[in-house]
Amino acid sequence: WKDMAKAPPIRLISGEIDTSVIQTWSKLDAAARTKFEVSKTPARPQDQKLWFVQVAQPLTTETRASLQRHLGIELSHYIPENTYIMSGNSEFPAKAEEHPAVRWVGLRHPITKLQQCLQDPQGVLPSEDGTVALYAVLTPKSIFPSRLSAKELENSWMAEGAPASSISAVSEDKMIAHASAENARDLALWLGGHSEVDYVEVKQKMTLRTTGGGHGLRRPVQASQAM
């Protein structure tokens, strides 16, 4: 790990990540699993995972080009502060950290994808007849090109044994899943454990909030706009 002094946080709708403190996700994972008393594995093992890559400062044109060549990936999904979301296998973090512009690399843990009300085990979730409906907004294909479509995921997840009474595609990039109020948080964490999922939130009776790209990001801004 590189010098984390005065590292700015990563700002998500689900909360902020203090990169000067979090240097490993193993403790966070243990805490999340204890907090939610999760009995089911959140997701199957995957070759491609999502990673936060935070750079030391806003990239110049030259540094940006250099980092893209180094990683072999276009930097397209920027979030505050100085961070990009990218997909890669288990060797990706070590590769990214070799570049001098990179100050921190971290796995996008499932809990970072959950709406804040889903992170509170004591919170009351809106339900109808004891059933909670969750929206799972899928990761943009600009980040995860090999991502399956919502309809393909519908079939795959039910066959996989999702802790849900039903899962169905709402659109090309959105799913809806139903579970009992008791199991809703387990389901949310299970959904968040998939790289295909960007953000999980409770379906409200009013219209669903939209943010133009992915719900997990505060405001998905193209890197070219942010820089």
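This is a dialogue about how some terms apply to a predicted model.

Trainee: Why is Ser87 called buried?

Mentor: Its relative accessibility is 11%. Buried means under 20%, so Ser87 counts as buried. Ser87 is found in strand 5, residues 83-88.

Trainee: What makes the pair of Ser87 and Ile143 a polar contact?

Mentor: A polar atom of the Ser87 side chain lies 2.9 Å from the backbone oxygen of Ile143. The cut-off is 3.5 Å between N or O atoms, so the distance of 2.9 Å meets it.

Trainee: Where is Asn82, and why is Asn82 called buried?

Mentor: Asn82 is found in the loop between strand 4 and strand 5. Its relative accessibility is 11%, and buried means under 20%, so Asn82 counts as buried.

Trainee: Is Asp129 buried or exposed, and how do you know?

Mentor: Asp129 has a relative accessible area of 84%. Exposed means over 50%, so Asp129 is exposed. Asp129 is found in the loop between helix 4 (116-119) and strand 7. Phi of Asp129 is near 55°, again a positive value in a residue other than glycine.

Trainee: How do you know that strand 3 and strand 6 pair?

Mentor: Five bridges join strand 3 (residues 49-55) to strand 6. A pair needs at least two bridges, so strand 3 and strand 6 count as paired. The two strands run antiparallel. In strand 6, Trp104 is the bridge partner of Gln54.

Trainee: What makes strand 4 and strand 6 edge strands?

Mentor: Four strands form an open sheet in the order 4-5-3-6, with antiparallel pairing. Strand 4 (78-79) and strand 6 (102-107) are the edge strands, and each pairs on one side only.

Trainee: Why is helix 6 described as mostly covered?

Mentor: Nine of its nine residues are buried, and buried means under 20% relative accessible area. The buried residues of helix 6 include Ala184, Arg185, Asp186 and Trp190.

Trainee: Which residues have the most contacts inside the largest nonpolar core?

Mentor: They are Leu118, Leu134, Trp157, Met175, Leu191 and Val200, in a core of 26 residues. Strand 7, helix 5 (150-160), strand 9 (174-180), helix 6 (184-192) and strand 10 (197-202) each supply at least two residues of this core. Helix 6 gives the largest share of this core, six residues. Another core, of 15 residues, lies apart from it, and Trp51, Leu67, Tyr78 and Val102 are among its members.

Trainee: What volume does the second largest pocket have, and which residues are closest to its centre?

Mentor: The second largest pocket has a volume of about 200 Å³. Of the 10 residues that line the second largest pocket, Pro126, Ser127, Glu128, Ala133 and Lys203 are the closest to its centre. Strand 7 (residues 131-138) gives the largest share of the lining, three residues.

Methods:
Residues are numbered from 1 along each chain as its sequence is written. This is a predicted model: local features need pLDDT of at least 70, side-chain atom pairs count only at pLDDT 80 or more; totals for chains, interfaces and linings use all residues. Side-chain values use heavy atoms; hydrogens and water are left out. On a 1 Å grid over the protein atoms alone, a cavity is a set of points where a 1.4 Å probe fits but cannot get out, and a pocket is an open set with protein on both sides within 12 Å along at least five of seven lines; lining residues have an atom within 4 Å of a point. Grid points are joined across faces, edges and corners, and a volume is the space filled by probe spheres set on the points. A nonpolar core is a set of buried Ala, Val, Leu, Ile, Met, Phe, Trp, Tyr and Cys residues joined through side-chain atoms within 4.5 Å. Buried means under 20% relative accessible area, exposed over 50%, partly exposed in between (1.4 Å probe, protein chains only). A polar contact is a pair of N or O atoms within 3.5 Å; within protein, one must be able to donate a hydrogen and the other to accept it, and residues adjacent in sequence count only if both atoms are side-chain atoms.
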